[in-house]
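I set out to record what I looked up in this structure. The entries follow in the order in which I made them.

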Amino acid sequence: AFVFNEINFDNHEQVVFASEEKSGLKAIIAVHNTHLGPAMGGCRMWNYASEAEAVRDVLRLSRGMTYKNAVAGLPIGGGKSVIIGNPKTDKTPALFEALGEALERLGGRYVTAEDVGTSPADMANVASKTKYVAGLGDRGDPSPFTALGCFVGAQAAIRHQLKRDSFDGLTVALQGLGHVGYDYARRLHAAGAKLVVADIDQAALQRAQDELGAEVVGIDAIYDVQADIYAPCALGATLNPDTLSRLKAKIVAGAANNQLATADIGEACRQKGILYAPDFVINAGGIIKVCYEYLNTPEDGMEAHVRRIGDTLAEVFTRADAEGLPTSVVADRIAEAKFKN
Ligand code: NAD
């Protein structure tokens, strides 16, 4: 009886288990909430240790998409799908075609996109069977928009926490110089910030040193840097009791998903005087871009929409202070006020 009792089941509208013999597809499609529009969220392919683990993951991720899409002011709901399998060895075009057929049967209640373990090429195979797929990559990578959202989010954070408008003289400890992290670093550097960076990719580190004058530290040392802002742009769950006891920064503003190792870390940040920009608010630039593309919304308003992430965060920070609540809880409430009724 674990499905309905799962903490993340949380009133999911519909969860579909889809399989197909010839391709070997085993997928779970979770539609959490479609109050604001069709559920949108990526398709993850992962070698889950058990089916229960796959169910838990898809439920958690789809619920998260409802909150992210709602707080971003998008006319879409939240959903997610997972394919059980090894993305390195088990991929075939037929697998993704079979997923496309499953989406077609859902009639547009869920729209997929690429995610961990899936690529634009996989999504093209999905698209051969259904139009309910977004972000095919033909109009560009959403990461620069995620980076822009992080940058305006960091601006809102320094205004609130440090009562200043400029990054001049501020130090940012940035973890992960990937698609989002490097572009975010570039913007911070252009705005006058000093960068201290960590990555496992030596080429990315070298480029940040050469182009952005960044100082490089080891992947564990990033938590001890004397910085004003900690910007997690690599892994999830980097905010935990150990790292909180080490961070010198009074602001956390980065792109990574699921930054809080456990929900109570939001309150721990508040008590330590660390202003945490909730991950699903600050990293919504990419989904805003993908959603505009999918819905054929004229793109002239898109950048302004991404920039409103800064205004939303300013509201989150002000309300959190006024109500004595963690920013993570306030952000959840703002989302819930939009999608629940
Ligand atoms: P990416 O894979 O391009 O970049 C991740 C970077 O982190 C890589 O350079 C990698 O070498 C580095 N890295 C890996 N392990 C590390 C470690 N232990 N310490 C330091 N660096 C390490 O991914 P991305 O698209 O830039 O996304 C970064 C994060 O932001 C992810 O958590 C992702 O889920 C999240 N996110 C991305 C988008 C987007 O638009 N791409 C949108 C929302 C959220």
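How far apart do the C-alpha centres of domain 1 and domain 2 lie? I found that they lie 27 Å apart.

I noted that this is a predicted model, in which local features need pLDDT of at least 70 and side-chain atom pairs count only at pLDDT 80 or more, while totals for chains, interfaces and linings use all residues. Residues are numbered from 1 along each chain as its sequence is written, and side-chain values use heavy atoms, with hydrogens and water left out.

**Domains**

I looked up the bounds, which come from an automatic or database domain assignment. Domain 1 comprises 2-67 + 74-127, and domain 2 comprises 143-339.

I then examined contact (heavy atoms within 4.5 Å). Here 13 residues of domain 1 touch 14 residues of domain 2.

The buried area (accessible area, 1.4 Å probe, that two parts lose on being put together, summed over both) is about 1,200 Å² between the two domains, and carbon and sulfur atoms give 78% of it. On the side of domain 1, M40, Y67 and L74 lose the most area to domain 2, together 49% of what that side buries.

**Ligand**

A polar side-chain atom of T146 is 2.6 Å from a ligand oxygen atom. For S143, a polar side-chain atom is 3.2 Å from a ligand nitrogen atom.

Definitions and conventions: A polar contact is a pair of N or O atoms within 3.5 Å; within protein, one must be able to donate a hydrogen and the other to accept it, and residues adjacent in sequence count only if both atoms are side-chain atoms.
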